[in-house]
Amino acid sequence: MSAVSVENVHTHDEHAHGEHHELGFIRKYIFSEDHKIIAKQYLISGIVWAVLGGLLSVIFRLQLGFPDMDMTWLKPLLGDWINESGKLDPNFYLALVTMHGTIMVFFVLTAGLSGTFSNFLIPLQIGARDMASGFMNMLSYWFFFASSVIMFISLFLKTGPAGGSWVIYPPLSALKEANPGSGDGMTLWLVAMALFIVSSLLGGINYVTTVINLRTKGMSMDKLPLTIWAFTFTAILGILSFPVLLSAALLLIFDRSFGTSFFLSDIYINGQALPNQGGSPILFQHLFWFLGHPEVYIVILPALGLTSEIIATNSRKPIFGYKAMIFSMAGIMFLAFIVWAHHMFVTGMNPFLGSVFMLLTLIIAVPSAVKGFNYITTLWKGNIIFTPAMLFAIGLVSFFVSGGLTGIILGNSALDIQLHDTYFVVAHFHLVMGSAAFFGMIAGVYHWFPKMYGKMMNSTLGYIHFWITFAGVYFVFFPMHYIGIAGFPRRYYQWSGFDTFSSYADLNAIITIAAILTFLAQGIFIFNFVYSIFKGKKATENPWKSNTLEWTTPVEPIHGNWPGEIPTVYRWPYDYSKPGASDDFIPQNVPFSATPESNLPEETELIKSEKEIEGIKFDTSIHD
Amino acid sequence: MTIVIAILAIVFVILTFMVVSKTLSIIKGIKDTGSEENEGYLGKPNKYNDANGLALLIFWILSLAGVFWSYFSARENFLPESSSIHGRQTDFWFWVSMGVITTAFVLVNSVLFFFAYKYRYSKDRKVSFYTHNNNLEIIWTSVPAIVMAGLVFSGLRVWTKVTADAPQDAEVIEIMGKQFAWAVRYPGVDDNQLGGYNFKLMDDANGNPMGVDFADEKSFDDFSNASEMHIPKGKPVLLKIRARDVLHSVFIPHMRVKMDAVPGMTTKFWFVADKSTNDMRKELGKENFNYEIACTEICGRSHFGMKLLLVVDEPAEYEKWKRSQKTLLAENPKLLELVPANLKAKAQKYLPVEEAPVEESVADASLSNSSKVLK
Amino acid sequence: MKELTLQEPKPILTVNKWKFIIWLFIVTIIMFFAAFTSAYLVRRAEGNWTDFQIPVIFWYSTAVLVVSSVFMHLSYLAAKKDEFLKLRTFISLTFGFGLLFLVMQYLGWLDLQSQGIFLKGNPSGSFYYVLTGLHGFHLVTGLVVLLYAFLAARKMAVHSKNMTQIEVCATYWHFLDILWVYLFLFLLFFR
């Protein structure tokens, strides 16, 4: 037994030692286990990827808007992908579309959004020193980084990156005879995605564990900010759906490299019949969309969470329907798993299944609508301060509503027959999850920048950025509905071969111009971001007069987040403009006993239990 | 529309110029002092607060105007004139749904932007501490739910009808997607039944790209036409859809037909075209109108080029056209090798025999007839 | 809800975070295999499915894995009672039986090949190899976790006051055992 106690002391010693030791540059900023640094790593990687993903879309938009353009001037950038006559190679066009989708969905809006803000805000808002496992968290980022590097390398392959669109349906993605991108490019895509999935799972497991286990005193589940609820639901979605994508990817790898026939059957290509028999391409689609659909909620839920917080803070008003918001997010999360086949109405799936999925799909519109209404009612009789973050949050609500509504048409299997895989779909999801989630991410950056870097971002530049982007996004995606209603299929290099799709050349040109300008306007943001990190005005501890716990941490971020004891939480996070209170906000760590003038009757009751909350002892025997 | 582009381009250029100059001045401003009122922090709104609120409202009003103007100016190309019976039903429900969502779009966004404008910061406003209202939640849960239920119900009815089994007398036509063209096979005039196929028999070099199985005597009278697909007007047509290399998807925009073509699995879609190509030419006033078939599942380099012309004939014309077509065996006598010995005699009938010239000339005549009609 | 949480405020952290993490990890593995087995069922329902004899050795390997689980539990009990020699012996035995299981799985594969069932070919066989192979891969990770536990036991870092590591290890090992039993029964019944 004596050995035991010595051992115990020893580990404690080490622990204490670790906390006070100044870490070297590499451990502090590169292989860091601090959630704030990891969040910034995710953010900056996300921004880099967003620029790249946006650039790819500008190139293919040029092709679509100006199909006759001489693109020789792009030769220095794209090399042989521009042929002698100055035309973009159609295979490379497909590669561009594929990489734009992959990068935006996974690398920007999953890693860049969820990775940044889940990491940054979960410990800060629930009152924890760090994530449950800093090591796993670091691992999560570096798996993502490795995945990024591989995906990036694939852009420079001679045969080009993967070109079968981001949904990588086999057989196209399985046969390198079918498309040059299905060769090495696809191999790298699969490897990168496998690493990405590992990264997401490590992150997601960490987020959920942290929220469940590491909340500070008094932070019961009904006092969690909606951001945390959103991140938790997102992480659960990821934990349950990413493994399924991994299994689909693995089976695809087997088909590609080991000659199995899970997804391949009866194929004749390049003048010969392949030996594969008995596989089912539809099976892949089921597996893929079982992740693929939750994935869109993985993208949008964190954005909605951030928006809830920003809208409440800047309306100086409690978020309307806190519980309804939680229930609707829970509903969305649950339904997200049972609607996947609405992506497959016209794949030859059993029509009865189609009806079932149509029913479930349209149900999911209800909780989404509830969220929209709650945001709007939060604005009602508020006192709105238009910070750039607030403007982006309002923009998000508008996109979420406008883009979500067209989902009602696409979710209807009978109407989907005509609109499936047309630009109507492109317009729909770019508004509802693409732009909305992007706006959520940008809003989050503007709002939490003072906490991340201790500096303020310039708000005038923020306004300019907002207005160009907001108008630009509508200019790009609204006309796409028209093009879709006219039947234009997506992933087309050009439409001029068809009489039916010969109209709207001008509309496509407008979209391209708007897209380029919107893309360029992001330069304002990047300038503002970088400039403010170094030269921005020093922030105060709580610049937006916000209630949540992160605003009680010092301006200069420190390891362990709070210099002294972690604050105790007594109230919900939305006590804005409470009648009777002297100021228009009461942070979560202010006890009811300190605010007798504004307490509601039931809250006066709660004063009695405050002592008990303060008396909570944590089980400290579990070390890292 | 070109004028609009020009105006837009000018507007954007001016906007860019303004942004650049403004940015420059702000950078200067930051360097100078970083003046206090420039920043919206410390819970106080900055000097642009009213402007932003107003701008949101104006943006929305302008957008509404833009939405309606653009809708009416772009409308002529929406949902190309439907030529199938189920197509008109789906179109009807499409526009009903569009009506519903456009109403919701206008209402919800109007409220959003109006509130943003109306409740912009004012020193004297008394903010309402309004945390929740269960009745409101119930209302705005149930109203969308009821509307959804109505749409689901209507959608289900149409969907069930569209995906129901094809009528017995439907004209069965096989269409196969390959990189990057469509191949169509008709059941032939003698037995009106498609023969079997097997992907192992596919052979581009020897003229059997669809892998037709000539051990099956039903295949003998099957024929194919590479340049265009014909279907009869007013008669149910059942497409049996397959693919031989990667996924494709048959999309006939005017017929509201779309169904994936999957290697190793036959899918189907049936419909009734009730306007012939000529009817449509008259109706649209376009002399050279043609129905087209496109591919809507990404399939590789020339995905955008998988076009096949579709001709809808009057039933009599269609029959005539069918009889004028040469069978697969006649097109390519080498295929006789695939016919088992015991059936060779039967297959002989479909080969170009000595007196073929006569037959062929007849066929040519009727073919040119039908194409004259088309012209 | 507010009232409820406040009435019972005493101990907050009852769940050990590492145990929570391992359970979430197990959830991901469950989803992973659930995807495979449901794909298996969907594909099987489409017909064109080759039937073959399941090698007898899989019955024995299943027994071996169950026995290894028993040893795992014994090592857990030993740790609880601070019986270090027993602890190390039982962990080693668990490890040994785990290895034996892997060898038997490999022999099973050889048997399958002698039946003419290869990874290439009808998906019924491919699924068999992929499922057993992936389980085998997870078992290798289980062996690594065991190895860590063994090293910790040698350093006397596993004892009745510090059970987290052995508990996590045991949870994972038992899970891999149950996972195999599930896969085995599944493959047996849905041939």
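## Salt bridges

A salt bridge is counted here where a side-chain nitrogen of Lys or Arg lies within 4 Å of a carboxyl oxygen of Asp or Glu, and by this rule there are 30 salt bridges over all chains. The structure is a predicted model, in which local features need pLDDT of at least 70 and side-chain atom pairs count only at pLDDT 80 or more, while totals for chains, interfaces and linings use all residues. Residues are numbered from 1 along each chain as its sequence is written, chains are lettered from A and ligands numbered from 1 in the order in which they are written, and side-chain values use heavy atoms, with hydrogens and water left out.

One of the salt bridges joins the side chains of A:Asp584 and A:Arg316, at 2.8 Å from N to O. Because A:Asp584 sits in the loop between helix 16 (505-535) and helix 17 (601-606) of chain A, and A:Arg316 in the loop between helix 9 (281-315) and helix 10 (322-336) of chain A, the pair ties together parts that are 268 residues apart in sequence. Helices here are DSSP runs of H or I with at least four residues, numbered from the N terminus.

## Chains A and B

Two pairs of chains are in contact (heavy atoms within 4.5 Å), and of these, chains A and B share the most contacts. Chain A brings 137 residues to the contact and chain B brings 120 residues. Between them the two chains bury about 11,500 Å², 71% of it on carbon and sulfur atoms, where buried area is the accessible area (1.4 Å probe) that two parts lose on being put together, summed over both. A:Tyr268, A:Ile417 and A:Gln418 supply 7% of the area that chain A buries against chain B, more than any other three residues.

Which residues form the one salt bridge across the interface of chain A and chain B? They are A:Asp89 and B:Arg301, whose closest N and O atoms are 3.3 Å apart. The side of chain A that touches chain B divides into 85 nonpolar, 37 polar and 15 charged residues, with Ala, Val, Leu, Ile, Met, Phe, Trp, Tyr, Cys and Pro counted as nonpolar, Asp, Glu, Lys and Arg as charged, and the others, Gly among them, as polar.

## Chain C

Chain C has 43 residues in contact with 48 residues of chain A, and the area buried between chain C and chain A is about 4,200 Å², of which carbon and sulfur atoms give 74%. The elements that give two or more residues to the side of chain C that touches chain A are helix 1 (2-7), helix 2 (17-45) and helix 5 (123-154) of chain C, and helix 2 gives the most, with 15 residues. By contrast, no contact joins chain B and chain C, whose closest C-alpha atoms lie 10 Å apart.

## The largest cavity

A cavity is a set of points on a 1 Å grid over the protein atoms alone where a 1.4 Å probe fits but cannot get out, and its lining residues have an atom within 4 Å of a point. Nine cavities of 30 Å³ or more are found in the whole structure, and the largest holds about 190 Å³ of space, a volume being the space filled by probe spheres set on the points, which are joined across faces, edges and corners. Of the 19 residues that line the largest cavity, A:Thr110, A:Ser114, A:Ser200, A:Gly204 and A:Tyr207 are the closest to its centre.

The largest share of this lining, six residues, comes from helix 7 of chain A. The lining of the largest cavity has nine nonpolar, 10 polar and no charged residues.

How values were computed: On a 1 Å grid over the protein atoms alone, a cavity is a set of points where a 1.4 Å probe fits but cannot get out, and a pocket is an open set with protein on both sides within 12 Å along at least five of seven lines; lining residues have an atom within 4 Å of a point.
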